[in-house]
Amino acid sequence: MAQQSPSGPHGLTSSPQGVMEQFFTQLNNILAFIKDLGQRGIVEWNEDQNYKANARTVGSDGVLYKALQATGPSSTNAQDPTTETADPREVWEREVPAPAAEFKPLAWGQMGSNGSFITSPAPYGVDTANCRRTGTSGDYTYEIRLPGDALGDVCRAIVVPSPNIDGRMTITERNDGINVKLQHGAHTGTARTFYFVVFGVK
C-alpha cells in the first residue's frame, strides 16, 4: 500500500513534488484571472468573492453593477446582483454611465448699434452685454456675457453682421461669452447690428 504524503499547513502536501504541483496550479489560476481581467476590464460577479462597498462587477446579464454595501460569503447579505428583488435595491445597483457632455446652442439674439439687444426676437441665454468704441471712432467692440455657470469650456460663436458692415470682424471666444469687434471700414459711423449664436458645453 502506497504511503500518503503528510499534509502541511493550509492543506498543502509536504512532498516537494506535491508542493510544486500545487504552486503551479495556483500560478496558472492567477494568470488565467489576470488574462480574464485584461480581456473584460471588469470581472464577472462570483459567489465566492467578497466585495467591498462601491465595488464594481459585471452580472451574468452583462450589466455593470455597483455594490451599495459590503457583500459576499463572509457577510450576511451575499447577493447575486442579477437576482436582487429589493426595490429600491439595497446591495447592488445598476451602474448608469454619466451622460456625455453635449455641445449645443446656449445663447442667441441680435445686437443693436448701441450695444443693447434688439428685443424682437427676444434674446436668449445672455447675462449682460455692452458696446464701446475703441481708438478709432469706427471700431466697435461688443461684449456678450453668459451666466457664470453656463459653460464648461470655451464657447464657439457664429456671428452674422448686417449688410452695411464691410466684413472686417474679429470674434474672441471665452468661457463666459464672446467679444465681437467690428472694425473701421468703408461704413464708419453707420449703424452696426448683428445676429449671434453661442454654442458650448453646459
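Me: Which residues are linked in a network of salt bridges?
Reply: A salt bridge is a side-chain nitrogen of Lys or Arg within 4 Å of a carboxyl oxygen of Asp or Glu. The residues linked in a network of such bridges are Arg145, Arg174 and Asp176.

Me: Which pLDDT do local features need in this predicted model?
Reply: pLDDT is the predictor's confidence in each residue, from 0 to 100. Residues are numbered from 1 along each chain as its sequence is written, and side-chain values use heavy atoms, with hydrogens and water left out. The model is predicted: totals for chains, interfaces and linings use all residues, side-chain atom pairs count only at pLDDT 80 or more, and local features need a pLDDT of at least 70.

Me: Which element of the protein has the highest mean pLDDT?
Reply: The mean pLDDT of the protein is 78, and 75% of its residues reach 70 or more. Strands are DSSP runs of E with at least two residues, numbered from the N terminus. The lowest mean pLDDT among the elements, 73, belongs to strand S5 (residues 128-133), and the highest, 94, to S2.

Me: Is arginine 145 buried or exposed?
Reply: Arginine 145 is in strand S6 (residues 140-145). Residues are called buried under 20% relative accessible area, exposed over 50% and partly exposed in between (1.4 Å probe, protein chains only). The relative accessible area of arginine 145 is 15%, so this residue is buried.

Me: How far apart are the closest N and O atoms of arginine 174 and aspartate 176?
Reply: Arginine 174 is partly exposed at 33% relative accessibility, and aspartate 176 is partly exposed at 21%. In their salt bridge, the closest N and O atoms are separated by 3.0 Å.

Me: How many bridges pair strand S8 with strand S9?
Reply: Two strands pair if DSSP finds at least two bridges between them. A hairpin of 3 residues joins S8 to S9, and threonine 172 stands opposite asparagine 179 in S9. Strand S8 (residues 169-173) and strand S9 (residues 177-182) pair in the antiparallel sense, and the number of bridges is 5.

Me: How many residues apart in sequence are the parts that arginine 156 and glutamate 173 tie together?
Reply: The side chains of arginine 156 and glutamate 173 meet in a salt bridge at 3.6 Å, N to O. Arginine 156 lies in strand S7 (residues 156-161) and glutamate 173 in strand S8, so the separation in sequence of the parts they tie together is 17 residues.

Me: How many residues apart in sequence are the parts tied together by glutamate 95 and arginine 56?
Reply: The structure has 5 salt bridges. In the one between glutamate 95 and arginine 56, the closest N and O atoms are 2.9 Å apart. Glutamate 95 lies in the loop between strand S3 (92-94) and strand S4 (103-111), and arginine 56 in strand S1, so the parts tied together are apart in sequence by 39 residues.

Me: Which backbone oxygen lies 3.0 Å from the side chain of threonine 57?
Reply: Threonine 57 is in strand S1 (residues 56-58) and counts as buried, at 0% relative accessibility. Leaving aside its neighbours within four places in sequence, it is in contact with residues including Val43, Tyr65 and Trp92. A polar atom of its side chain lies 3.0 Å from the backbone oxygen of valine 43.

Me: How far apart in space are threonine 57 and proline 81?
Reply: Proline 81 is among the contacts of threonine 57. The two are 24 residues apart in sequence, while from C-alpha to C-alpha their separation in space is 8.8 Å.

Me: Which backbone nitrogen does the side chain of threonine 71 reach?
Reply: Threonine 71 lies in the loop between strand S2 (64-67) and S3 and is buried, with a relative accessible area of 3%. Its side chain reaches the backbone oxygen of asparagine 77 at 2.9 Å. At 3.5 Å, the side chain of threonine 71 also reaches the backbone nitrogen of glutamine 79.

Terms used
Helices (H or I, at least four residues) and strands (E, at least two) are DSSP runs, numbered from the N terminus. Contact means heavy atoms within 4.5 Å. A polar contact is a pair of N or O atoms within 3.5 Å; within protein, one must be able to donate a hydrogen and the other to accept it, and residues adjacent in sequence count only if both atoms are side-chain atoms.
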